[in-house]
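Subject: Structure handover

Hello,

I am passing a structure on to you. Please open it first, then read my notes below.

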Amino acid sequence: MDLQRLQWLILLFALVIALVTETSYVYAGDIVHDDDSAPKKPGCENEFVLVKVQTWVDGIEDREFVGVGARFGTKIASKEKNANRTSLTLSDPRDGCSAPKSKVAGVIMVERGHCKFTAKANNAEAAGATAVLIMNNQKELYKMVCDPGETDLDIHIPAVMLPQDAGASLEKMITNTSSVSVQLYSPGRPAVDIAEVFLWLMAVGTILCASYWSAWSAREAANEHDKELKDASDEILNDKGSSASGAVNINMTSAVLFVVIASCFLIVLYKLMSSWFLDLLVVLFCIGGTEGLQTCLVALLSRWFKRAGDSYIKLPFFGAVSYLTLAVSPFCITFAVVWGVYRNVSFAWIGQDILGIALIITVLQIVHIPNLKVGTVLLSCAFLYDIFWVFVSKKVFHESVMIVVARGDKSGEDGVPMLLKIPRIFDPWGGYSIIGFGDILLPGLLIAFSLRFDWLAKKSLRAGYFFWEMFAYGLGLLITYVALNLMDGHGQPALLYIVPFTLGTFFALGKKRGELNILWSIGEPERLCPHVRLQPSQESDEETILRVG
């Protein structure tokens, strides 16, 4: 197996993996269950909000936990300065289903189970508690609601559900120390965080760079092909060889198979998601990221080190490898390995984004869609795939399969690495804004095709398709983030908005300019073959011969 075929195998696998993570969302302590399933009534109509639980142990500030406020009870202060700091005690009995044995002078913590949430809150309030923390029996945050027949809802203290691990930590603090106090408040999340702006710029900039590299390579290949034809013999003229650029063209069958294989792989990830399986994905991402970073650096540095880029050495298994590739490879491998080892540190997102962007650019440079027909099939299948696995899968699996896989809910870690992410800088809840590789790669294939067509047709920026396709993509992604914020950070399939904008723009412009048939079936502008460009005297002789014939 030579280096180029190995490269194709890695990058095509990366394209399939990218389909698995085609959703954009914000995450920071997400809560389970949909608001639609929680009935509202007088006394039970609070909005569900995340709650910060700051702790102090013997007067020294300690850990901070995150809970979720109940549908019932009083609202929680939104600003830290307005929140009171009070002592925390364990309920006796622990489940809080009957009145505590002694009066409470602050916040009380009870266990979930054996009675209704409202009964626990009423008992805590009757004992003098200022708030009640309910420890869940699962790791997730759970929304506390009222049963349809409940009437005892005149509750004047806040109630907060804590995940099991947070409750266990607080319980350990109380039993091992003399004094534990807490402060409850629920700061609002900003409507727009600057992280989303940077993420938008990263996605658009990645496609922009990849498209220009792809178009430049295609134009160089076309010019080289024209040069060969000018001096070609009849045998060469009749040869319909493969693409001189070395690109991999996706056909109709591959377009459909990509989505089918990605769906199967998504199910495997969903069923087998665990820490070891996530580690396997990290290894695969590091291999693909190394290949992508190496390809980008070699292409960039070959402008200054042309001799090293054009000189090759033959290696076992890899075949012919340039000296520049040999020089760059150790750095790329080291970069990926260091990121893999330290991927859980706070600034590891920078390395993940660098590897991810390099991988996306390399895939878009090597993998091409040959015409609008293939692009339409690929994006339409991905559009349906996105909707099904984000929304419809909830009906079958009782949760959104794609979001569960992307977040790594079942692995106990931060989710699959095939994502670009940026920390939310001004969000008091922290977390990340992220976008899946597929939301950049798949539209990027269509946009790169538009620029290749424009350059081969020698179209200006305004008269071509690329500018309008980039505008459509940027607008579709912008609408995705608007929808994301309107849905309180719940995952949104970006292709739901991007595909109609990009494909619709291509079809509308192609129809208006009368080029839709060429775009749909051929994918390249009509060009005169250089070998039939004859001199005026030759043209006259040719006409005479043709007439005689």
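Here is what was found, taken one region at a time.

This is a predicted model, in which local features need pLDDT of at least 70, side-chain atom pairs count only at pLDDT 80 or more, and totals for chains, interfaces and linings use all residues. Residues are numbered from 1 along each chain as its sequence is written, and side-chain values use heavy atoms, with hydrogens and water left out.

Start with helix α11. Helices (H or I, at least four residues) and strands (E, at least two) are DSSP runs, numbered from the N terminus. Helix α11 covers residues 372-397, 26 residues in total. Its first and last C-alpha atoms are 35 Å apart, close to the expected 38 Å (1.5 Å times one less than the number of residues). A kink of about 45° is centred on Trp389 (the angle between axes fitted to the seven residues ending there and the seven starting there). Just after α11, His398 has a positive phi of about 65°.

Next, a helix pair. The axes of α13 (residues 438-456) and α15 (residues 495-513) come within 11 Å and cross at roughly 5° (lines fitted to C-alpha atoms over the stretch in contact, with angles from 0 to 180 degrees between N-to-C directions). Therefore α13 is roughly parallel to α15 (angles under 35 degrees count as such). Residues in the contact (heavy atoms within 4.5 Å) include Leu442, Leu446 and Phe449 of α13 and Ile498, Leu503 and Phe506 of α15.

The Asp92 to Pro93 peptide bond is cis, with omega near 10°. Pro93 sits in the loop between β4 (85-90) and β5 (107-111). His114 is not a glycine, yet has a positive phi of about 75°. His114 lies in the loop between β5 and α2 (117-126).

Best wishes

Notes
Angles under 35 degrees count as roughly parallel, over 145 as roughly antiparallel, 65 to 115 as roughly perpendicular and the rest as oblique.
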